[in-house]
Amino acid sequence: MIWNPNKECMSRDERSALQGKRLHKIVEYVYHNVPFYRNKLQELDIRPDDIQTIEDITKLPFTTKKDLRDNYPFGLQAAPQSEIIRVHASSGTTGNPTIVGYTRKDIGVWSECMARCLTAYGVTRDDIFSVAYGYGLFTGGLGAHYGVEHLGASCIPAGTGNTEKHLKLIRDLGITGLACTPSYALYLAETMDKLGIKKEDLKLRVGAFGAEPWTESMRKEIEARLGLKGYNIYGLSEVMGPSVSYECQMQNGSHINEDHFFPEIINPVTLEPLPVGQTGELVFTTLTKEGMPVLRYRTRDLCSLLPGTCDCGRTNVRMGRIQGRSDDMLIIRGINVFPSQVESVILSLPEFAPHYLLIVDRVNNLDTLLVQAELRQEVFTSTFDTPAAVEALEKKLAAKLKSVLSIAAKVQLKAPGTIERSQGKSAHVIDNRKL
Amino acid sequence: MTIHQLSIFIENRSGTLIKVLDALKEAKIQIIASTIADTAEYGIYRLICSEPLRACEELKKAGVAVALSDVFAIEIDDQPGRAAEAVKVFSEAGISITYMYSFLLRGKGILIFRTDDGEKAASVIKNNNLKSIDETDLTQWA
């Protein structure tokens, strides 16, 4: 089943023509509405009329996460505030989150892309579909929710947490579809075992899993334990949210909704575009977005675009599995975490030295984050002589980390001089997960 | 009226305590009394020793996370009920004992404690004629 054959099965020439037309329009739009882009284009001596075909995209400047941060909160917003009907936020590399505003049309496009994705998984209006991504500032919950409703299936906004009640609903309501992170799917399976619920008791048949890296062996395990077929979904809030790309029944790469999000693969060092099939950094240009369009946004995700056509009938290009990052971002329980965020918290508290270590692990299929932070000598004053004093400091750091990272981290205080000194950011992280 | 206690931050894993004790041994510091207040992850190793100021410096040199705390030391008879009597005067004065430990020295009980109000505790000790022990006495007797 294909939700929108007109767009998903266009001939290559037709699609290129549409992309070229839309690219010209979006460049003209940001040129007139976003001073940041106008300045960048003027510096490069580019006028909107210089951009006529999709091939002209290589003339355009890149946008980075740093640009979003430097223009916090609304600097890159193109639409007037009166047109913005939703705002999401994702973690920034330090301090400020990334703010993304959506117009009514943007929400419509997002829902359409999500409906294409769910249809490719085989979801229909007869399904009862549970969304167990986090609702709130994170795009996962509401993004999937609107898509399920747009498709016409019955949406169960389960959210995360309260897993036992969720399982009861999955069983009692005969829920057939599930959207969540792959690690949460495995956690559901664990909870089923604990409660003595068997997959035969459930009617689950389709899972939309994403927001964090996962492997083929995780897919097999989830499928075996929940009794469903699991599909990959990809997205990022800077571009839209979940449904930027989606797997079809062939499960050989994820189709990109490229009439809305134009993909390029570049060499992350030279920034030169790479030919189809080569692995590099994935870059997106939003072709239709009104709220916060981005030109050549560097996702930092490393992958390749797959050559050839797909047997499912869709002609939109497929991207391969994400093979890593060109920066040090971690995805923990579906949430983006930068070591620099932890560093900024630690530096803001006078009790701590700038030495820290993030230890990421996966215990019973749930990601865990342990932050080791080194105490300054000055902490050891006459009243630092009770476990309560130590625990108060531990709690203070944990609370601040939680508010900045949006996920809970376990904190471990270390005595002065006990964390190994290191050069380079990556040395601040030990990731024990086998992904 | 107070004496020095070393308060040492240690992690609950093997090798951390011996590091402290080795450093004290090297510096020829005598331990008079000690106790560990622990949580699942950490311990605060409190100790009364000879030459606490020098001990503190030596420990810092050895990379130990140590603080000097001021604590009271009072002597009581080694008889049932004496500790209760001693603590009662503080509780009646509205002073909280933050922590306390005790040991025997020369056949007398020594109570080591910190309170939430040092000044007030000092005057309570004076007014109730509790026998406060100073550092020189402790070191000599030990």
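1. Domain bounds here come from an automatic or database domain assignment. The model is predicted. For chain A, the assignment gives domain 1 as residues 1-327 and domain 2 as residues 335-431. Between the C-alpha centres of domain 1 of chain A and domain 2 of chain A lie 32 Å.

2. Next, look at where the domains touch. On one side, nine residues of domain 1 of chain A take part; they are in contact with 14 residues of domain 2 of chain A. Which helix gives the largest share of the domain 1 side? Helix H8 of chain A, residues 182-195, supplies four residues. By type, the domain 1 side that touches domain 2 of chain A has six polar residues, two nonpolar and one charged.

3. Now turn to a sheet in chain A. The sheet is open and has four strands, in the order E20-E19-E18-E21. Its pairing is mixed. Strand E20 (410-414) and strand E21 (429-431) of chain A are the edges, and each pairs on one side only. From one strand to the next, the twist averages 15°.

4. Check one pair of strands in detail. Strand E18 of chain A covers residues 352-363. Are E18(A) and E21(A) parallel or antiparallel? They pair in the parallel sense, over three bridges. Opposite A:Leu358 stands A:Val429, in E21(A).

Key:
Residues numbered from 1 in each chain as written. Chains lettered and ligands numbered in written order. Predicted model: local features only at pLDDT ≥ 70, side-chain atom pairs only at ≥ 80, totals over all residues. Pairing = 2+ DSSP bridges. Helix = DSSP H or I, 4+ residues; strand = E, 2+ residues; numbered from the N terminus. Axes fitted to C-alpha atoms, helices over the stretch in contact; angles between N-to-C directions. Contact = placed C-beta atoms within 7 Å. Nonpolar A, V, L, I, M, F, W, Y, C, P; charged D, E, K, R; others polar.
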